[in-house]
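Hi there,

Here is the structure I promised to hand over. Please have a look at it, and then read on for what I found.

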Amino acid sequence: MISKIDAKKKISELVEQINYHDELYYKKNYQEISDEEYDKLRRELLELEKNFPEIKLKNSPNKTIGKIDNNQFRTIKHNSPMLSLNNAYSIDEVESFYNKTFNSLNKNFLILAETKVDGLSASLRYENRKLKIGLTRGDGVKGEDITRNLEFVEGIKKKLPSEFPENLEIRGEIFIKKNIFEELNKKRKDQGKPLFSTPRNAAAGSVRQLDPEIAKERKLSFYGYTVIGDKSFFGNSISKIRDILKIFNFSLNHPAKLCSSLDEMVKFYKKVRDMRSSLNYDIDGIVYKLDNIEEQKKLGQTARFPRWALAHKFPAENAITTLKEVSFQVGRTGTITPVAILGEVTIGGVKINRATLHNQDEIRRLGLSLGDTISIQRAGDVIPKITSVVKKSIKPVKIIFPEQCPSCG
């Protein structure tokens, strides 16, 4: 058992790490670690805070859902908290979620399984059937007002059908299609601008521009996943909401499946995992939601996520390619970081020609030489990394670290 002194030190380190990565993700639309690595940090902190509640820090990220950049947009309070999702990476975790749901309800139930769109969560408020306000998730309590930037987003209706209730809220995901993402990065490359690392970061960065013309130019899209409003019109299940939205030509993510067993949930997960590269939008897993809204209320929520939903994340994808060259970049603290230049490959529908190497020790550990055939992995679909040498080059060339600064000499 860890001592209280060591726990206090570790909690402080974890809070600092998580807050740093939250700052990058929510304010700069950038990631340095995978979702899985980030979730491990969160879980480790949560476990320590449970065991040592008396030394929980005031700025613990477990008290909040996200972050807001107050300098950019005005903020507006959500009608109801816009929560995050609890994540699972194994079938055992999904089974645990299923069993807890069954034990809480003490009866059979239906689960709606949907693709987890990797974009920026948004809330659309309609008054008198006209789009009045658009908000980001923000910190879950308040969101950033991005209404002006939503005018040209494909899939967002400015006016609701006359059959709909006058006032309601649609929540969903703003994203950028894969083919448009590739065109955007090609254009940026030609202009000498830095490339977006993922479609999610491109979408989030586009929505958070003060000039709405930039959002228009980048051709964003929107899929709705839930409606908050008149229950008498939409019924008492999220599958019914989907059916109604589909009838009225709203854009929805497909495929989706109503499941009556754990076996059906897992089969759907595996089916979509195997076909994900054929979809023209980025997904990072499957979301399981208890279908019945009254049953959802019975299960309730924590401060960060609903107990009636779970995100089942996909594992990182791999590819085989060649290490062509290594360039050296100077970080903000003066650290020199080696970057692998690769033979271009496609992983999860995204073209990859670079990977992180972290440091000199990592190169030694992998036994890397220029010309080697290597295995790379997009961990959590963020930054590709080299996992192993598959085949040594016939004429290996040693990787030599610079003795002088690559930036200034």
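**What I found**

Of the 409 residues of the chain, 50% count as buried, where buried means under 20% relative accessible area, exposed means over 50%, and partly exposed is in between (1.4 Å probe, protein chains only). Before you go further, please note that this is a predicted model, in which local features need pLDDT of at least 70, side-chain atom pairs count only at pLDDT 80 or more, and totals for chains, interfaces and linings use all residues. Residues are numbered from 1 along each chain as its sequence is written, and side-chain values use heavy atoms, with hydrogens and water left out.

**The chain as a whole**

The chain holds 11 helices and 16 strands; these are DSSP runs numbered from the N terminus (helices are H or I, at least four residues; strands are E, at least two). Along its principal axes, the C-alpha trace spans about 70 × 55 × 45 Å.

If we take contacts (heavy atoms within 4.5 Å) between residues at least 6 apart in sequence, 71% of them join residues at least 24 apart.

**Sheets and strands**

Five strands form an open sheet with mixed pairing, in the order β2-β11-β10-β3-β9. Strands β2 (87-88) and β9 (256-259) stand at the edges with a single partner strand each, so one side of each has no neighbour in the sheet. Two strands are said to pair if DSSP finds at least two bridges between them. Within this sheet, β10 (residues 283-290) and β11 (residues 309-313) pair in the antiparallel sense over 5 bridges, and Val287 stands opposite Ala311 in β11.

Another pair to look at is β7 (residues 168-175) and β8, which run antiparallel and are joined by 7 bridges. Ile170 has Val227 in β8 as its bridge partner. Strand β8 (residues 221-228) is mostly covered, with 6 of its 8 residues buried.

**Backbone details**

Which residues does the cis peptide bond join? They are His254 and Pro255, and omega is about 0°. Pro255 lies in the loop between α8 (238-247) and β9.

Two residues other than glycine have a positive phi: Asn106, near 60°, and Arg129, about 70°. Asn106 sits in the loop between α3 (91-105) and β3 (111-117), and its 64% relative accessibility makes it count as exposed. Arg129 is in the loop between β4 (120-127) and β5 (130-136), and at 23% relative accessibility Arg129 counts as partly exposed.

Ile76 is found in strand β1 (residues 75-77). Is Ile76 buried or exposed? With a relative accessible area of 14%, Ile76 is buried. Leaving out residues up to four places away in sequence, Ile76 touches Arg125, Ile133, Leu135, Val141, Lys142, Gly143 and Asp145. One of these, Lys142, is 66 residues from Ile76 along the chain, while their C-alpha atoms are separated by 5.3 Å.
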